[in-house]
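Look at the structure, then read on.

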Amino acid sequence: MQVQISTDYAIRILKYLHKHKEDLPTAMTISQSIGITYPFFIKIANQLKQKGLLSAVQGRNGGYRLARPAQQISVYDVFLSIEGDLQINRCLQADQHCSQGARDDCRLHKFFHGLQEKLIEEMTGKNIADFVH
């Protein structure tokens, strides 16, 4: 399992906006500041806007800001916005597909379920403000 680079950049975008919350930085300013291309920034920003983590102000003096305080945006919120539900093993998906017949006593299923819950708990327990100096 590896977190997508888009998720990493999404966190960096939100961190940048938290650090510059008194400003209204443009897409170009943000993309250059965090070292990503303008089109990639727009793609990520659109996903964050759709999930209510980022807002855009249109017009000549427009730019971007957080849609809610950084303390209220968890790492898991960002993960969900970019990657969707966390499923570290196929057997944890809604259809519970399992090569072992989806037995209730499967130790491996229980292990992966517990591991997934711990990952979600850790990501939920950290917010964007926690990563800003």
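Helices (H or I, at least four residues) and strands (E, at least two) are DSSP runs, numbered from the N terminus. This is a predicted model, where local features need pLDDT of at least 70, side-chain atom pairs count only at pLDDT 80 or more, and totals for chains, interfaces and linings use all residues. Residues are numbered from 1 along each chain as its sequence is written, and side-chain values use heavy atoms, leaving out hydrogens and water.

Q: Where is R68 placed?
A: R68 sits in the loop between strand 2 (63-66) and helix 4 (75-83).

Q: Why is R68 called partly exposed?
A: Buried means under 20% relative accessible area, exposed over 50%, and partly exposed in between (1.4 Å probe, protein chains only). R68 has 27%, so R68 is partly exposed.

Q: What does R68 touch, not counting residues up to four places away in sequence?
A: R68 touches G52, L53, I73 and D77. Contact here means heavy atoms within 4.5 Å.

Q: Why does L115 count as partly exposed?
A: The relative accessibility of L115 is 34%, so L115 counts as partly exposed. L115 lies in helix 5 (residues 107-124).

Q: How do you know that strand 1 and strand 2 pair?
A: Two strands pair if DSSP finds at least two bridges between them. Strand 1 (residues 54-57) and strand 2 have four bridges, in the antiparallel sense. V57 has G63 in strand 2 as its bridge partner.

Q: Which residue takes a positive phi in the hairpin of strand 1 and strand 2?
A: G59 does, near 110°; the hairpin has five residues between the strands.
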